[in-house]
Amino acid sequence: MPGTSPDRWSRVWRERLPDDPLDVVHAEPAAAVAAVLAGDVDAAVLRLPPAPADGAALTPPPGLPTTTPTTRDGWAVVPLWTETTVVVVPADHVLTVVDEVDVADLAGETLLVPADDVLGWTPAGVDVVEVPDAATGADLVASGAGLLVVPHAIARLHDRRGTTVRPVPDAPGSRLALVWRTDAEHPHAQELVGIVRGRTAGSSRGDATVATDAGRGTGRDGRSGRDGRGGDAPSPRRAGRPTPRTPGRGDGRPRGGGGRRTR
């Protein structure tokens, strides 16, 4: 998944389960659910759409899967963290004089909304300009064409010279969760949960919290909560399969070769 970094999780996995390789598969967010359903990966780290305040159904933004996994539909959903939303502005923009930007301060600005948007949120009073993707949006911010509102990790991924990032604390955050199908749970699923959540080896198994709504965050590093590293996560398919596979970011190709994967 763009904006996440599974390398640390893979390293810890190798230390704890050296005989069961973790195969990490990078994929675009919109492809992750389909990859789990097809059996191409065992689990996935996903961004979830913002939870509507009134509990009504929400159409996921275009950069996310059209189906949102929930425990009601046979998924295990383990909340990870809620990532802080930031605004990317030109380095000489007036908003750089403050450490944090209020949503109200965005009114009157030109907002660049990418076709791979993962937030599904637009502040009031802005002039919306659609752009092909977040990378193009970052380029246009550097040229002074407008502002870009994205999760913090995506802003880091598309960092450009001549731009500056400011957190927008009162904007909806981007919720991340580890998911897998409960009818195909890999034997090492709980070990993976412990690694992703940063638990020590002695406490990593058997106490994963599965939730219908991954609204609770344990953020890190620019995300709401503790620290917020991104990455992937594997999930098991059949008992007896030695290692999980999960989705992350990049080319979205499932499977291929030895080992198991993660996205």
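Q: Which residue of strand 8 does Val86 stand opposite?
A: Val86 stands opposite Pro167 in strand 8. The model is a predicted one.

Q: What makes strand 4 and strand 8 a pair?
A: Two strands pair if at least two bridges are found between them. Strand 4, residues 85–90, is joined to strand 8 by five bridges, and the two run antiparallel.

Q: What is the order of the strands in the open sheet, and why are strand 6 and strand 8 called edge strands?
A: The open sheet consists of five strands in the order 6-5-7-4-8, with mixed pairing. Strand 6 (127–131) and strand 8 (163–167) each pair on one side only, and these are the edge strands. On average, neighbouring strands of this sheet are turned by 35 degrees against each other, direction ignored.

Q: Which helix lies across strand 4, strand 5, strand 6, strand 7 and strand 8?
A: Helix 3, residues 134–142, lies across these strands and runs at about 140 degrees to strand 7.

Q: Why is Thr68 called partly exposed?
A: Buried means under 20% relative accessible area and exposed means over 50%, with partly exposed in between. Thr68 has 26% relative accessibility, so Thr68 counts as partly exposed.

Q: Where does Thr68 lie, and what is Thr68 in contact with beyond its neighbours within four places in sequence?
A: Thr68 lies in the loop between strand 2 and strand 3. With those sequence neighbours left aside, Thr68 is in contact with Leu48, Pro49 and Pro60. Thr68 and Pro49 are 19 residues apart along the chain, and their C-alpha atoms are separated by 7.8 Å.

Q: Is Met1 buried or exposed?
A: Met1, in the segment before helix 1, has 1% relative accessibility. The limit for a buried residue is under 20%, so Met1 counts as buried. The C-alpha atoms of Met1 and Ile154, which are 153 residues apart along the chain, are separated by 10.0 Å.

Q: How do you know that the buried residues of helix 1 lie on the same side?
A: The buried residues in helix 1 are Trp9, Ser10, Val12 and Trp13. They cover an arc of only 165 degrees around the axis, which puts them on the same side of helix 1. The face turned away from this buried side carries the exposed residues Asp7, Arg14 and Glu15. Strand 1 (23–25), strand 2 (44–48), strand 3 and helix 5 are among the elements that cover the buried residues.

Q: What makes strand 2 mostly covered?
A: Five of the five residues of strand 2 are buried. On one side these are Ala44, Leu46 and Leu48, and on the other Val45 and Arg47, so that both faces are covered. Strand 2 is also joined to strand 9 by five bridges, and the two run antiparallel. In this pairing, Arg47 stands opposite Leu176 in strand 9.

Q: Why is helix 5 described as largely enclosed by the rest of the structure?
A: Seven of the eight residues of helix 5 are buried, so helix 5 is largely enclosed. The buried residues are Ala189, Glu191, Leu192, Val193, Gly194, Ile195 and Val196. Just after helix 5, Gly198 takes a positive phi of about 80 degrees.

Q: What makes a set of residues a nonpolar core, and which members of the largest core touch the most other members?
A: The residues must be buried, be of the nonpolar kinds counted, and be joined through side-chain atoms within 4.5 Å. The largest such core has 20 residues, of which Trp9, Trp13, Val45, Leu80, Leu176, Leu178 and Trp180 touch the most other members. Helix 1 (7–16), strand 3 (75–83), strand 9 (174–181) and helix 5 (189–196) each supply at least two residues. Helix 5 gives the largest share, five residues. A second, separate core has 14 residues, including Val87, Val89, Val103 and Val113.

Q: How many of the residues of the protein chain count as buried?
A: Of its 263 residues, 52% count as buried. The secondary structure of the chain comprises five helices and 11 strands.

Terms used: Residues are numbered from 1 along each chain as its sequence is written. This is a predicted model: local features need pLDDT of at least 70, side-chain atom pairs count only at pLDDT 80 or more; totals for chains, interfaces and linings use all residues. Side-chain values use heavy atoms; hydrogens and water are left out. Buried means under 20% relative accessible area, exposed over 50%, partly exposed in between (1.4 Å probe, protein chains only). Helices (H or I, at least four residues) and strands (E, at least two) are DSSP runs, numbered from the N terminus. The arc is that of the directions from the helix axis to the C-beta atoms. Contact means heavy atoms within 4.5 Å. Axes are lines fitted to C-alpha atoms, for helices over the stretch in contact, and angles run from 0 to 180 degrees between N-to-C directions.
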